[in-house]
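Student: Could you walk me through how to read some features of a model?
Tutor: Let us look at it together.

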Amino acid sequence: MRRAVVVVLDGMRRDLIGEPTTPTLARFAARATSFSAHRSMFPSATRVVSASFATGCHPARHELQGNTLALLENGRLVYHDAGHPGFLQHKRRATGRSLAVPTLAERLAAHGNMTLFSNVSPGAAYAHDPDGHGHVYHRAGSFAPGRKRIEGAQALDIAQDAAGEQRMTERFVGEVLVERKPTLAILWMGEPDATQHARPLGSPEHLAVLRQADANAARVVEAVDRLRDKGDEVLLMVCSDHGHQTVSRIVDVEAELLAAGLKESRESHDVVTPTSGTSTLVYVHPDHAGKIDAIGAFLASRDWTDRVVPPAELASVGQAPHHGLAFAISLKSDDEPNAFGVRGHSYESKPVAGNATHLGCGQHGGLAKYEQMPFLTIDGAGFTPGATSAVSTSPIDLAPTILAHLQLPADGMDGRALQSP
Ligand SMILES: [Zn+2]
């Protein structure tokens, strides 16, 4: 049978792959095609990438605009955390739709099904299948088709630690790849992202978790070899969703706009500034559209921005002015090494109260060099072993590539299949 298997090492930087710490990933390149210009989305954040992976579309089309974002509800701009388990269910009730375009799970519902095991935020996991077409396993709740809750030992009761990641990988191999055989099986590991947010990039703790994540990837690669020995035609993608930068300064974008008189108060709904780590989205309520030019001039004059994308240019970064989105900001970055010799710093946007910042550790979300340096390697029909492709690719190209392997149409997607003709 034709099948696709995807392994995602969340937050794995392409330039940190190497024989000492990630031997599986380093050797996998010899049997796969590596994509040397692969980029993330903007924001370069897991929930955005998950929705883009699932739909083959930019945020402008699927409408999950940031890790946190705003929705116009009953005439008000309302802040939301898209990592919350109920976010896309709320969005469907509030706006009439969860994601605005079909997911792989929906397209494969009548073609052998999609099964996902994920150890990232609940909202990112559920962005693969908000309407309940496939199987989604997550510690916050696992669901079968129809969003029927999976109970008891069949649910995914794991921690966000090394033991939990290994347990998830072993279940994925045994139950999904060997026994149930869906046409698309996705393993989305929470590491190395989780440790990178808490420890300096390149530190001994970070290097240790790279080895653990690499060992889990090895378990899947070996399982796919056995499936091929039995005659399955498997497309195997091993990849990440974004990289990381080292945080060198925290910027309170909302406080800056308040001080400049461009937002009425912390609680006001005229201007809302949800963050995605090293980027910020600036929403302006339509009743206050007269402020847009002044906000744009203010943002462009700050020393903490690398790039301010104005309303007329949102399409150039895959965004659209839905729900009053006016500006997308990528915060200041550099290419200097940190204390452990890992290059690239960025400023981090201060999130809402109660959420952590990551000074000295890793973060992502913007357009800087290393957060836009995820890796992509694909092994299977249409991909030359050991080859390196320099074509421009991003997560929107993965769904069309999977559908091409499964000989199914990929109509209506922004991305395109990556197989050689
Ligand atoms: Zn991620």
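Tutor: Start with burial. Buried means under 20% relative accessible area, exposed over 50%, and partly exposed in between, with a 1.4 Å probe and protein chains only. In this predicted model, Phe35 is buried, at a relative accessible area of 3%.

Student: What do the numbering and the confidence values cover?
Tutor: Residues count from 1 along each chain as its sequence is written, and side-chain values use heavy atoms, without hydrogens and water. This is a predicted model: local features need pLDDT of at least 70, side-chain atom pairs count only at pLDDT 80 or more, and totals for chains, interfaces and linings use all residues.

Student: Which residues are the protein donors of the zinc ion?
Tutor: Donors are N, O and S atoms within 2.8 Å of the metal (3.2 Å for Na, K and Ca); water is not among the atoms, so sites may look incomplete. Here the zinc ion has Asp10 (OD), Asp10 (OD), Thr46 (OG1), Asp241 (OD) and His242 (NE2), lying 2.0 to 2.7 Å from it. Along the chain, the donors follow the spacing D-x35-T-x194-D-H. Thr46 lies in helix α2 (residues 46-55) and Asp241 in the loop between β10 (233-239) and β11 (245-251), so this pair ties together parts 195 residues apart in sequence. Helices (H or I, at least four residues) and strands (E, at least two) are DSSP runs, numbered from the N terminus.

Student: Are Thr46 and Asp241 buried or exposed?
Tutor: Thr46 is buried, at 8% relative accessible area. Asp241 is buried too, at 1%.

Student: How many aromatic pairs does a search of the whole structure find?
Tutor: A pair of aromatic rings is described by the distance of the centres and the angle of the planes. Rings of Phe, Tyr and Trp (its six-membered ring) pair if their centres lie within 6.5 Å; planes under 30 degrees apart count as stacked, over 60 as edge-to-face and the rest as tilted. The search finds five pairs. One of them joins Phe35 and Phe383, edge-to-face, at 6.3 Å centre to centre and 75 degrees between the planes. Phe35 lies in strand β2 (residues 33-35) and Phe383 in the loop between β19 (376-379) and β20 (388-389), so the pair ties together parts 348 residues apart in sequence. Phe383 is buried, at 7%.

Student: Which residues form one aromatic cluster?
Tutor: Phe117, Tyr137 and Phe172.
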